[in-house]
Amino acid sequence: MVFVLAIESSCDDTSAAVLRDGVLLSNVTASQAVHEQYGGVVPELASRAHEQNIVPVVDQALKRAGVEKEQLSAIAFTRGPGLMGSLLVGVNFAKGLALSLGIPLIDVNHLQGHVLAHFIREEGEPYSPPPFPFLCLLVSGGNSQIIRVNAYNDMQILGQTIDDAAGEAIDKCSKVMGLGYPGGPIIDRLARQGNPDAYQFAKPNIPGYDYSFSGLKTSFLYSLRDWLKDDPDFIEHHKEDLAASLEKTIVDILMKKLRMAVKETGITHVAVAGGVSANNGLRNAFHDHAKRYGWTVYIPKFSYTTDNAAMIGIAGHFKYQDHEYCDINSPAFARMQ
Ligand code: KG4
C-alpha cells in the first residue's frame, strides 16, 4: 500500500491530506481569519499563521486517516506558485519530515493541483473524472487560465489573464462596496437576490484566449463613484443588483473565451477549477452550456474548489506512480516557472 502525505501552504490556507493508493483518507484545512480585517491577505501574517498551524494540521490529517508517519511512502508538497513566505513553511516542513523518515519528496505545481482536483477519489463516492484531453477553466484569486489538459503531467496553457485574475477583480469590487473579505462568497450570495441585467460594465476586447479584468474593475469603480454622487446610500440600496451585474459580467467574459476554445479545439469535455469555481453563477453557466452546446462539464465539490491538500495529494500520487521525485535542494517558487 502506498501512503502519501500532502501539504499545501501557498496562500492563506494550511492544509494536509493523506491518501492510500490514490484514495483520499483525510483532508484537514486551517483557514486564516486574521486577514479579514485588512480586506486581503497580509503575507507576513499568513506565514506566521502557517507556522502555528502546520504541526497540528498534519497531526490531525494523520490521525483522521489512521496512519502513523512511519507508514508514509512519500510526501507531496506545493512548491509554487504562491506567496514565498507561506510556501516556505510547507516546503521546509515537507523536506524536514521526508528527510527524517528517509522517504521521497514530490513537488507539485499548485495550479496543476487545482486542475487535478477532478481526480480526487473518495471511498464510497462516485468517481467520474474527465477523460483526456479536456479543457479546464482555472479561476482563482491569483489566476484565470484556459488549460488544455492532455494527461496528468501534460498541460498546455491556451490563454490567461494579462492583468488581474477573476477572483482578484471580485474581491477588489467587493472591497470598493465596503463588503467583507474574501468578496467572492459575499458577492455570490448577494447576486442570487439581484437583477444581473441592472447595470452594464466594461468588457475587455483582447485577441486570442487571454483574459483581462482590470478594465472591468475600473469601470465598476467609476460607475459607483458617479452613482454615489447622486445617492450616498446607493450601494446599500442596490447591492444585490450590483453584485448580480458584476457576477454576470465576469461569467460572460470567462465563458466567451471558453466557448472559443471549445470551438477551435473541438474538445467538448470542459472542467472548471479554483476558488471562483465555487461561484453559483459560473456553475449555472457551465450547466447551461452543457445543455445548449452539448458539452460534458466537470464541476468540483465545493470543498475542493479553494486551496486544499487533497488536490496536491492526488497530483503527488500520480507523480509517485511515475517515480517523479524531487531533490531536497528544490527551492520554492513564487511565480510560474
Ligand atoms: O483558489 P483560491 O482559494 O485561492 C487562490 O487564489 O489560489 O481562490 C480564492 C478566490 C478568491 O478571490 C475568492 O473571492 C474566490 O476565490 N471565491 C469566489 C467564491 N468563493 C471563493 N468567487 C466567487 N464566488 C464564490 N462563491
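At what angle do helix α1 and helix α2 pack, and how far apart are their axes? In this predicted model, local features need pLDDT of at least 70 and side-chain atom pairs count only at pLDDT 80 or more, while totals for chains, interfaces and linings use all residues. Residues are numbered from 1 along each chain as its sequence is written, and side-chain values use heavy atoms, with hydrogens and water left out.

Two packed helices are described by the angle between their axes and the distance between the axes. Helix α1 spans residues 43-65 and helix α2 spans residues 84-101. Their packing angle is about 30 degrees, and their axes lie 8 Å apart. Axes are lines fitted to C-alpha atoms, for helices over the stretch in contact, and angles run from 0 to 180 degrees between N-to-C directions. Helices (H or I, at least four residues) and strands (E, at least two) are DSSP runs, numbered from the N terminus. α1 and α2 are therefore roughly parallel to each other. Angles under 35 degrees count as roughly parallel, over 145 as roughly antiparallel, 65 to 115 as roughly perpendicular and the rest as oblique. The α1 and α2 crossing is right-handed. A crossing is right-handed if the near helix is turned clockwise from the far one by less than a right angle, and left-handed if anticlockwise. From α1, the contact (heavy atoms within 4.5 Å) involves A46, S47, H50, E51, I54, V55 and V58. From α2, G85, S86, V89, G90 and F93 take part. This contact has 6 nonpolar, 5 polar and 1 charged residues. Here Ala, Val, Leu, Ile, Met, Phe, Trp, Tyr, Cys and Pro count as nonpolar, Asp, Glu, Lys and Arg as charged, and the others, Gly among them, as polar.

Helix α6 (residues 214-230) packs on helix α7 (residues 234-265) at about 160 degrees, with axes 12 Å apart. That makes α6 roughly antiparallel to α7. The crossing of α6 and α7 is right-handed. L216, F220, L224, W227 and L228 form the α6 side of the contact. F234, I235, L242, L246, T249, I250 and I253 form the α7 side. By class, the α6 contact with α7 has 11 nonpolar residues, 1 polar and no charged.

α7 also packs with helix α8 (residues 280-293), at an angle of about 40 degrees and with axes 10 Å apart. α7 and α8 are therefore oblique to each other. The crossing of α7 and α8 is right-handed. On α7, the contact residues are E247, V251, L254, M255, L258 and R259. On α8, they are G281, L282, A285, F286, H289 and Y293. The α7 contact with α8 divides into 8 nonpolar, 2 polar and 2 charged residues.

A backbone N or O atom of G141 is 2.8 Å from a ligand oxygen atom. A polar backbone atom of G275 lies 2.9 Å from an oxygen atom of the ligand. For V276, a polar backbone atom is 3.5 Å from a ligand oxygen atom.

Several local backbone features were also identified. The peptide bond from F132 to P133 is cis, with omega near -10 degrees. P133 sits in the loop between β6 (121-122) and β7 (134-139). Y181 and P182 are likewise joined by a cis peptide bond, with omega about -5 degrees. P182 belongs to the loop between α4 (166-176) and α5 (183-191). D21 is not a glycine, yet has a positive phi of about 50 degrees. D21 lies in the loop between β2 (13-20) and β3 (23-31).

M155 is placed in strand β9 (residues 154-160). Leaving aside neighbours within four places in sequence, M155 contacts Q112, V115, L116, I147, R148 and V149.

Key: A polar contact is a pair of N or O atoms within 3.5 Å; within protein, one must be able to donate a hydrogen and the other to accept it, and residues adjacent in sequence count only if both atoms are side-chain atoms.
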